[in-house]
Amino acid sequence: RIQLIEIKPAARDRSAGSSTGKWMLLEAARITAALPTRCVKVVLDERGKACTTAELAGRFERWRQNGGDVAFIIGGADGTAPELQRDADLLLALSSFTLPHGLCRVMLAEQLYRAASLRAGHPYHRE
């Protein structure tokens with residue numbers, strides 16, 4: 001089962017002297033509050049670990065065997081707070097490019113579909 005949970009971005013009030021770091025911390029608190037208890041936290045970041053679809057499918061299998069939920073965290077317009085990255089079980093790169101978070105959602109969905117297809121025994125066109 002897949003569930004998409006969207007977190008409202010922190011309000012940007014530049015006149016009050018707020019900073020990007022403060023907004024990211026507010027968003028991190030909202031994200032953390034929405035996470036399932038004891039889930040595997042995968043934060044998407046261009047500086048994260050790059051992996052192939054087959055490697056992602058292998059991780060899927062290990063996560064399935066361990067039970068519990070897996071949360072893929074896509075940051076907002078400013079990215080994810082360092083605290084979220086530090087607490088992640090995996091920092092994962094979809095690309096080394098900086099991508100808009102809406103595009104990350106589509107790319108992640110495609111890779112999850114491909115990884116699930118591999119796990120289900122469907123042939124993979126790259127092998």
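Welcome! The chain carries 18 positive and 14 negative side chains, and the centres of the two sets lie 2 Å apart. Here Lys and Arg count as positive and Asp and Glu as negative, leaving out His and the chain ends, with each charge placed at NZ of Lys, CZ of Arg, CG of Asp or CD of Glu. This is a predicted model, in which local features need pLDDT of at least 70 and side-chain atom pairs count only at pLDDT 80 or more, while totals for chains, interfaces and linings use all residues. Residues are numbered from 1 along each chain as its sequence is written, and side-chain values use heavy atoms, without hydrogens and water.

**Fold**
- Four helices and three strands make up the chain's elements, in the order α-β-α-β-α-β-α; these are DSSP runs numbered from the N terminus (helices H or I, at least four residues; strands E, at least two).
- Along the principal axes, the C-alpha atoms fill a box of roughly 55 × 30 × 20 Å.

**Burial**
- Of the 127 residues, 30% are buried, meaning under 20% relative accessible area (1.4 Å probe, protein chains only).

**Largest pocket**
- A pocket is an open set of points on a 1 Å grid over the protein atoms alone, where a 1.4 Å probe fits, with protein on both sides within 12 Å along at least five of seven lines; lining residues have an atom within 4 Å of a point.
- The largest one holds about 1,400 Å³ of space, the volume filled by probe spheres set on the points, which are joined across faces, edges and corners.
- Its lining has 36 residues, and closest to the centre are Gln-3, Leu-4, Val-70, Ala-71 and Phe-72.
- α4 contributes the most to this lining, with eight residues.

Terms used
Buried means under 20% relative accessible area, exposed over 50%, partly exposed in between (1.4 Å probe, protein chains only).
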